[in-house]
Amino acid sequence: MSKKSGKVIVERESWETPGSPDYLAAKLTIVNAQVALRPGRKKGQLGDAPDPYVEIEYAGRIWETALVRATQQPKWNETFEVPIPPERRNQLGEIGIRVWDRNNSKKKGTKGQIFLGEVRLSLGDFGGVNFEYVEPRRYRLRARSPTSKDDCVDGNITFKIGMVLPKKR
């Protein structure tokens, strides 16, 4: 990190810099979703629709979409590049795409987030797939585990995922 004219400049490693010969990243476009109503609510009740957003998690880092207010059918069309560290390039591991409801209810005990489902994918399945040639695909949302009783999971999410390959030297 260096300071120049009062601004803090964070220097990136070359593997984190788009366009660098060392840059390898997964690229995702979160298109839309269909999610469940808030638990204990019926369609048409005030506050029944969730305020969903998507969280992408890989290698201990997290990216988020914008929050979409009061809808079961959010649309984002947001694109993210997720850099892959050099030590993970032989075993890419999993990427998690989670849908949450940001619950801002004033009722006691209901503030916080409600889990609406997730998709976990092995990045190895997309290792040689160029993002530019991928079409969006719908994935079914899943609970965090088969025994999760608190999860409010019913729906799907549509996104496209591929790789941004290193530039040739």
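Reply: Tyr-139 is buried, with a relative accessible area of 10%, where buried means under 20%, exposed over 50% and partly exposed in between, for a 1.4 Å probe and protein chains only. Phe-159 is buried as well, at a relative accessible area of 0%. The model is a predicted one, in which local features need a pLDDT of at least 70 and side-chain atom pairs count only at pLDDT 80 or more, while totals for chains, interfaces and linings use all residues. Residues are numbered from 1 along each chain as its sequence is written, and side-chain values rest on heavy atoms, without hydrogens and water.

A search of the whole structure finds 2 aromatic pairs; rings of Phe, Tyr and Trp (for Trp, the six-membered ring) are paired if their centres lie within 6.5 Å, and planes under 30 degrees apart count as stacked, over 60 as edge-to-face and the rest as tilted. Trp-100 and Phe-115 form an edge-to-face pair, at 5.3 Å centre to centre and with 75 degrees between the planes. This pair links distant parts of the chain, with Trp-100 in strand S7 (residues 94–103) and Phe-115 in strand S8 (residues 112–122), 15 residues apart. Trp-100 and Phe-115 are both buried. Tyr-139 and Phe-159, in turn, form a stacked pair, with 4.4 Å between the centres and 15 degrees between the planes. Because Tyr-139 belongs to strand S9 (residues 137–140) and Phe-159 to strand S10 (residues 156–164), the pair ties together parts that are 20 residues apart in sequence.

Thr-65 is placed in the loop between strand S5 (61–64) and strand S6 (75–83), and counts as buried at 7% relative accessibility. The side chain of Thr-65 makes a polar contact of 3.2 Å with that of Trp-76, a polar contact being a pair of N or O atoms within 3.5 Å; within protein, one atom must be able to donate a hydrogen and the other to accept it, and residues adjacent in sequence count only if both atoms are side-chain atoms. A polar atom of the Thr-65 side chain also lies 2.8 Å from the backbone nitrogen of Val-54. With neighbours within four places in sequence set aside, Thr-65 is in contact with Ile-30, Tyr-53, Val-54, Trp-76, Glu-78 and Phe-80.

Arg-88 lies over the face of Tyr-58, at 4.8 Å from the ring centre. Asp-101, in strand S7, is buried at a relative accessible area of 1%, and a polar atom of its side chain lies 2.9 Å from the backbone nitrogen of Asp-51.

Ala-59, in the loop between S4 and S5, has a positive phi near 50 degrees although it is not glycine, and is partly exposed at 30%. Ala-70, in the loop between S5 and S6, likewise has a positive phi of about 50 degrees, and is exposed at 52%.

As for the whole protein, there are 0 helices and 10 strands, taken as DSSP runs numbered from the N terminus (helices H or I, at least four residues; strands E, at least two). Of its 169 residues, 43% count as buried. Among contacts between residues at least 6 apart in sequence, 63% join residues at least 24 apart.

Note on methods. Contact means heavy atoms within 4.5 Å. A charge sits over a ring if NZ of Lys or CZ of Arg is within 6 Å of the ring centre and within 35 degrees of the ring normal.
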